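Please look at the sequence and the three-dimensional structure below before you read on. The report that comes after is meant to be followed with both in view.

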Amino acid sequence: MLCFNKRERLCLNNEVEYLFKQGNSFLLYPFSIRYIFKEQREETAKVLITCPKRYQKHAVDRNRIKRLIRESYRKNKQPLITFLKDECISIDFSITFVSKDIMDYHFIEQKLQETISMIISRYDKNKI
């Protein structure tokens with residue numbers, strides 16, 4: 001199922017604050033990723049996509065980058081969802097675009113695939 005609906009977006013202030021205080025992070029250029037695994041009954045992935053004004057001065061560019069990231073996540077999230085269902089966990093994570101250059105869709109999609117595989121490889125069963 002290739003959709004990216006409201007249930008998959010991280011939008012509650014409490015959840016965002018908890019993610020940025022307690023979560024782990026790594027940098028995979030052009031993304032900075034913060035993530036936290038949770039043990040819950042529903043195996044979901046909630047994502048927050050940001051593109052700070054610090055790196056992209058024009059709102060048009062920020063919106064385009066966020067749109068490209070959302071689309072590539074929508075098309076490539078299936079390995080992450082499958083992993084979460086197998087492990088019976090959920091994850092909250094944020095994708096922050098940290099480049100001053102505007103990338104094309106294929107580069108963003110390739111890096112997002114690497115990001116998803118790196119998130120899966122960083123799961124440690126003992127830390128939850």
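## About the model

This is a predicted model, in which local features need pLDDT of at least 70 and side-chain atom pairs count only at pLDDT 80 or more, while totals for chains, interfaces and linings use all residues. Residues are numbered from 1 along each chain as its sequence is written, and side-chain values use heavy atoms, with hydrogens and water left out.

## The sheet

Helices (H or I, at least four residues) and strands (E, at least two) are DSSP runs, numbered from the N terminus. In this model 4 strands form an open sheet in the order 1-2-4-3, with mixed pairing, where two strands count as paired if DSSP finds at least two bridges between them. Strand 1 and strand 3 stand at the edges, each with a single partner strand, so one side of each has no neighbour in the sheet. On average, neighbouring strands are turned by 20 degrees against each other, direction ignored.

Strand 1 (24–28) and strand 2 (31–38) pair in the antiparallel sense over 5 bridges, and they form a hairpin with 2 residues between them. Within this pairing, Asn-24 stands opposite Tyr-35 in strand 2, and Phe-26 stands opposite Ile-33 in strand 2.

Which residues of helix 1 are buried? In this helix, which spans residues 13–22, they are Glu-15, Val-16 and Leu-19, where buried means under 20% relative accessible area, exposed over 50%, and partly exposed in between (1.4 Å probe, protein chains only). Seen down the helix axis, these buried residues fall within an arc of 100 degrees, so they line one face of helix 1; the arc is that of the directions from the helix axis to the C-beta atoms. The face turned away from the buried side carries the exposed residues Asn-13, Asn-14 and Lys-21.

What covers the buried residues of helix 1 includes strand 2, strand 3 (45–50) and strand 4, with contact meaning heavy atoms within 4.5 Å.

## Charged side chains

Side chains of opposite charge can pair when their charged atoms come close. A salt bridge is here a side-chain nitrogen of Lys or Arg within 4 Å of a carboxyl oxygen of Asp or Glu, and by this rule the count comes to 5 salt bridges. One of them joins Lys-46 to Glu-15, the closest N and O atoms being 3.5 Å apart. This pair links distant parts of the chain, since Lys-46 is in strand 3 and Glu-15 in helix 1, 31 residues apart, and both residues are buried.

Another salt bridge joins Asp-92 and Lys-38 (2.6 Å, N to O). Asp-92 lies in strand 4 and Lys-38 in strand 2, so the pair ties together parts that are 54 residues apart in sequence. Asp-92 is buried, with a relative accessible area of 4%, and Lys-38 also counts as buried at 17%.

## Two backbone details

The peptide bond from Tyr-29 to Pro-30 is cis, with omega near 10 degrees, and Pro-30 lies in the loop between strand 1 and strand 2. Cys-88, in the loop between helix 3 (78–87) and strand 4 (90–97), has a positive phi of about 60 degrees although it is not a glycine. Cys-88 is partly exposed, with a relative accessible area of 44%.

Note on methods
Axes fitted to C-alpha atoms, helices over the stretch in contact; angles between N-to-C directions.
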